[in-house]
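Subject: Structure for you, with notes

Hello,

Here is the structure I promised to hand over. My notes follow below it.

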Amino acid sequence: QVQLVEFGGGLVQAGGSLRLSCTASGSIRMNHMSWYRQAPGKERELVARIMSSHSTNYGDSVKGRFTISRDNGKATVYLQMHSLEPEDTAVYYCNMKRGTILDVWGQGTQVTVAS
């Protein structure tokens with residue numbers, strides 16, 4: 001049984017930065033870790049993903065501004081966000097996936113960017 005807990009959300013001004021963290025109650029070493037976000041009235045979208053191999057990919061809207069990283073020893077994945085825009089306002093969710101046998105979601109953390 002694995003649980004994910006996100007921290008780091010909050011209110012920032014446009015152009016500011018935040019760092020989100022997601023810590024698992026167990027090893028993440030063999031799993032793919034992702035950040036998703038969902039704004040009111042919109043579909044949940046992939047923000048960033050870091051594979052077990054440490055390969056990464058990003059959504060087009062955040063590429064160049066956000067960086068995902070992982071620390072397997074701390075069972076934690078991070079999302080460093082710079083140059084935040086009001087359009088980044090959403091609930092951000094951590095996800096851990098392993099093939100078709102494991103798919104775990106965190107509770108979400110609110111990020112609000114004021115213009």
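Start with β9 and β11: three bridges join these strands, which run antiparallel. Strands here are DSSP runs (E, at least two residues), numbered from the N terminus. Two strands pair if DSSP finds at least two bridges between them. Within this pairing, Ala90 stands opposite Val111 in β11.

Before you read on, note that this is a predicted model: local features need pLDDT of at least 70, side-chain atom pairs count only at pLDDT 80 or more, and totals for chains, interfaces and linings use all residues. Residues are numbered from 1 along each chain as its sequence is written, and side-chain values use heavy atoms, with hydrogens and water left out.

**Around β9**

β9 also pairs with β4, in the antiparallel sense, over seven bridges. There, Gln38 faces Val91 of β9. A further antiparallel pairing links β9 and β10 over four bridges. Asn95 has Trp105 as its bridge partner in β10. β9 and β10 form a hairpin with three residues between them. Gly99 sits in the turn and has a positive phi of about 55°.

**The disulfide**

How many disulfides does a search of the whole structure find? The search finds one. The term means a pair of cysteine sulfur atoms within 2.5 Å. The partners are Cys22 and Cys94, with their sulfur atoms 2.0 Å apart. Cys22 lies in strand β3 (residues 18–24) and Cys94 in strand β9 (residues 90–98), so the pair ties together parts that are 72 residues apart in sequence. The torsion about the S-S bond is about -80°, so this disulfide is left-handed. Cys22 is buried at 1% relative accessible area. Cys94 is buried too, at 0%. Buried means under 20% relative accessible area, exposed over 50%, and partly exposed in between (1.4 Å probe, protein chains only).

**The core**

The largest nonpolar core has 29 residues. Such a core is a set of buried Ala, Val, Leu, Ile, Met, Phe, Trp, Tyr and Cys residues joined through side-chain atoms within 4.5 Å. Trp35, Leu79, Met81 and Tyr92 have the most contacts inside it. Several strands each supply at least two residues of this core, among them β3, β8 and β9. Leaving aside neighbours within four places in sequence, Leu79 is in contact (heavy atoms within 4.5 Å) with residues including Trp35, Val47, Phe66, Ile68 and Tyr92.

**The open sheet**

Four strands form an open sheet in the order β1-β3-β8-β7, with antiparallel pairing. β1 (4–7) and β7 stand at the edges with a single partner strand each, so one side of each is left without a neighbour in the sheet. β1 and β3 pair over four bridges. Leu4 is opposite Ala24 in β3.

**The aromatic pair**

The structure holds one aromatic pair. Tyr36 and Trp105 form it: 5.0 Å centre to centre, 55° between the planes, hence tilted. Rings of Phe, Tyr and Trp (its six-membered ring) pair if their centres lie within 6.5 Å; planes under 30 degrees apart count as stacked, over 60 as edge-to-face and the rest as tilted. Tyr36 is buried at 15% relative accessible area, whereas Trp105 is partly exposed at 34%.

Asn31 lies in the loop between β3 and β4. Is Asn31 buried or exposed? Asn31 is buried, with a relative accessible area of 4%. Beyond its neighbours within four places in sequence, Asn31 contacts Met51, Ser52, Arg70, Met96, Lys97, Arg98 and Leu102.

Best wishes
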